[in-house]
Amino acid sequence: MKRVFLLALRDLRLEVRDRSGLLSVLAFFAVMLFIMALALGPEEGPLRRAAPGVLWVALAFGSTLLSTRAFALEVEENTLDDLLLAPGGKEWIYFGKLLFQMLLLLPLALLSLFMAAGLFYLPLERLLSLFLTLALGVLGYASVATFYAGLLSRLRGREVLLPLLLFSLVVPVVLASVRATLGLVEGLPLGEVAPWWQLLLVFDVVYLTASALLFPLVMEG
């Protein structure tokens, strides 16, 4: 656990110090939400109905941009082999990179939610429930993205290959997140939204467990 936290905090400190990755993702969120809001017109009803889908598509693409940076520094500085040579299992590398992504994605996702609320007339009375949906959806997406980012870290063109491999697996997570967000926006009882949270939790557990078990095999292979 100490290794996990140290690796995540080191990457977070370097990312915040550099700021280029964070600013590019934040600009991507803002531009995409703004363009979609203009394209859908000024009427409140269509904007509110489309908001969950637009929000999660923006988060999916933005998360992909960040996931490519999870191992970019290790490849550029040739430190990935040093991490792999550390004694013990290699799962801590995966969990450290995953924690690093979560520490970045959750604040960015919350900020994107506030942007969407302003542009798409989203009600924020259920902010805690919306944040729970964001956390479950982002965890499911980041767990798979971190695995594939490590798998493709040494390959050329990994920025192109990563979305092709990633999106086919995370479609259930994105769809469940959209449905849960839509239910909260439309004011449905929490009992009707809870099944989508349960589905997200199942996906999170399955993806997280499978990725952690397979990560040492693909990295050492």
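Which residues touch the most other members of the largest nonpolar core? In this predicted model, they are Ile93, Phe120 and Leu122, which stand out in this way among the 69 residues that make up the core. Helices α1 (2-18), α2 (20-40), α3 (44-70), α5 (80-84), α6, α7 (127-151), α8 (158-185) and α9 each supply at least two residues of this core, and α6 gives the most, with 14 residues. In soluble globular proteins, nonpolar side chains tend to be buried together.

For phenylalanine 120, once its neighbours within four places in sequence are left aside, the contacts include Leu33, Met36, Ala37 and Leu40, and also Leu47, Arg48, Ala51 and Val54.

| Pair | Arrangement | Centre to centre | Angle between planes |
|---|---|---|---|
| Tyrosine 94 and phenylalanine 95 | edge-to-face | 5.4 Å | 70° |
| Tyrosine 94 and phenylalanine 215 | tilted | 5.6 Å | 45° |

The pair of tyrosine 94 and phenylalanine 215 links distant parts of the chain, since tyrosine 94 belongs to helix α6 and phenylalanine 215 to helix α9 (residues 190-220), and the two are 121 residues apart. Through such ring pairs, Tyr94, Phe95 and Phe215 are linked into a cluster.

**A charge over a ring**

Another ring is involved in an arrangement with a charged group: the charged end of arginine 3 sits over the ring of tryptophan 92, at 5.3 Å from the centre of that ring.

**Glutamine 101 in helix α6**

Glutamine 101 is found in helix α6, which spans residues 91-120. At 2% relative accessibility this glutamine lies under the 20% cut-off, and so glutamine 101 counts as buried. The side chain of glutamine 101 is joined to that of threonine 146 by a polar contact of 2.5 Å. When residues up to four places away in sequence are not counted, glutamine 101 touches Ser63, Leu66, Ser67 and Ala70, together with Ala142, Ala145 and Thr146.

Methods. Residues are numbered from 1 along each chain as its sequence is written. This is a predicted model: local features need pLDDT of at least 70, side-chain atom pairs count only at pLDDT 80 or more; totals for chains, interfaces and linings use all residues. Side-chain values use heavy atoms; hydrogens and water are left out. Helices (H or I, at least four residues) and strands (E, at least two) are DSSP runs, numbered from the N terminus. Buried means under 20% relative accessible area, exposed over 50%, partly exposed in between (1.4 Å probe, protein chains only). A polar contact is a pair of N or O atoms within 3.5 Å; within protein, one must be able to donate a hydrogen and the other to accept it, and residues adjacent in sequence count only if both atoms are side-chain atoms. Contact means heavy atoms within 4.5 Å. Rings of Phe, Tyr and Trp (its six-membered ring) pair if their centres lie within 6.5 Å; planes under 30 degrees apart count as stacked, over 60 as edge-to-face and the rest as tilted. A charge sits over a ring if NZ of Lys or CZ of Arg is within 6 Å of the ring centre and within 35 degrees of the ring normal. A nonpolar core is a set of buried Ala, Val, Leu, Ile, Met, Phe, Trp, Tyr and Cys residues joined through side-chain atoms within 4.5 Å.
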